[in-house]
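This report looks at the packing inside a protein chain and at the meeting of its domains. The sequence and structure come first.

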Amino acid sequence: MAKNIYIEDIANWEGQEVTIKGWLYNKTDKGRLQFLLVRDGTGLVQGVVFQKEVPPEVFEAAQGVTQESSLIVTGTVRADERAPGTPGGYELSIRDIEIVQLAEEYPIAPKEHGVEFLMDRRHLWLRSSRQWAILRVRAEVIRAIRDWLDGNGFLNVDTPILTPSACEDTTTLFATDYFGEPAYLTQSGQLYNEADIMSFGRVYCFGPTFRAEKSKTRRHMMEFWMVEPEMAYADLDECMRVEEEFVSYIVQTTLKNRANELKVLERDTTLLEKVVPPFPRISYDEAVEILNKEGVPIEWGDDFGAPHEVAVGDRFEKPVFVHHYPTQCKAFYMEEEPGRPEVSKSVDLLAAEGYGEIIGGGQRTASYELLERRIEEHNLPRAAYEWYLDLRKYGSVPHSGFGLGVERTIMWICGIHHIRETIPFPRLLGRMYP
Ligand code: 4AD
Ligand code: MG
């Protein structure tokens, strides 16, 4: 009896007969030879069917099988350096084929299609090698995130998705009805994290977050995943130190464990290999000077747009920290710099190679009076923030934290142009199907 195996383990079965259950990815007809590229979820392997070596009905099945038909193939594993596949280097001399379901004409042919065409068929597009590779990188990035945090003293404490108030910007809230009361889909778990650290010290939340951003860019989605570590007794400096260790671990682990997938994506990993601590740090003031010198003008006090982030990020080989943004362009909870209230203890991490901001964070206001004033200045409904103010009444401490955008990080590691491919079913401006 042939052994049922997964393609990812094929190297262990050289010279032996195995059975693989999967789908037909592609086929090449060379007359008496049929080359079947079979995928099973874990990888892709070429099966060879030679007319002389199989019963006529098996050869007919090979000739007639259509793209994306589900099938079960049995044959002998042979080493062949030139064999295509993931992992490469092995092929299957097929002895038997069982067609589970003969697929109708598959709409996504192995050729170029327009993006809208593919997005309408996202449920099928997921099967293509490139999407397979990106989403396997995604799973590894998520595993590395949890691995590092769990191993470095951070407790996973979940935060709610339905919330009564805004964390970031009231204009980008998705509102819903909570039994007659307004409720919003969370933009960030940060405010709850700040309550949680007073019980647990170091925590993180990790989940989907929502922003009704009316911007159609290649880096924005309405629904994205964010991991948010938060730390009691940590200042801005400590925050940056944790960020660089964390990001380096994610990048290096993914390079190691997803080398095959990054090869499928033809990612040049030269710069990613250099992502190790320490990362360069510059102030917003310095960044503004650089930008104005380099012909990407910006006025002191304005927030960075994508072109600014990219111009600053691309000046460095590693991700760069930009700290001390003007108070006016950051959220209400940012701690202010003593003696310089016009700047905040905020920090963004900008990636190189045109990827821009992947992390936002900083030190939070510890003072009751300052926080009260900020809530007023930002015209936030005080009643909804009473509990948050409370945290400054009972054992307030200096504390910091940050949020890493998972999809932005995947985009950067995979080296892909648009964020829509980094999540199985993206929610974009003007698209919620499928
Ligand atoms: O900079 P942001 O808005 O920071 C916060 O939400 C903080 N409360 C996080 C914290 O300190 N705990 O968002 C953090 C990151 C960004 O750097 C970016 O990577 C990602 O989330 N992000 C988005 N990713 C995809 N689509 C969007 N619309 C995004 N908005 C933010
Ligand atoms: Mg930000």
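Isoleucine 413 touches Val137, Val141, Ile250, Val251, Thr254, Leu262, Arg267 and Leu272, leaving aside residues up to four places away in sequence; contact means heavy atoms within 4.5 Å. This is a predicted model, in which local features need pLDDT of at least 70, side-chain atom pairs count only at pLDDT 80 or more, and totals for chains, interfaces and linings use all residues. Residues are numbered from 1 along each chain as its sequence is written, and side-chain values use heavy atoms, without hydrogens and water.

Ile413 is also among the residues that touch the most other members of the largest nonpolar core, together with Ile145, Phe246, Val247, Leu404 and Trp412. A nonpolar core is a set of buried Ala, Val, Leu, Ile, Met, Phe, Trp, Tyr and Cys residues joined through side-chain atoms within 4.5 Å, and buried means under 20% relative accessible area (1.4 Å probe, protein chains only).

| Nonpolar core | Residues in core | Members include |
|---|---|---|
| Largest | 57 residues | Ile145, Phe246, Val247 |
| Second, separate | 23 residues | Val18, Leu24, Ala61 |

An automatic or database assignment sets the domain bounds, dividing the chain into domain 1 (3-101) and domain 2 (122-422). Their contact takes 10 residues from domain 1 and 7 residues from domain 2. The C-alpha centres of the two domains lie 45 Å apart.

Across the interface of domain 1 and domain 2 there is 1 salt bridge (a side-chain nitrogen of Lys or Arg within 4 Å of a carboxyl oxygen of Asp or Glu). Arginine 127 forms a salt bridge with glutamate 68, with the closest N and O atoms 3.0 Å apart.

Definitions and conventions
Chains are lettered from A and ligands numbered from 1 in the order in which they are written. Buried means under 20% relative accessible area, exposed over 50%, partly exposed in between (1.4 Å probe, protein chains only).
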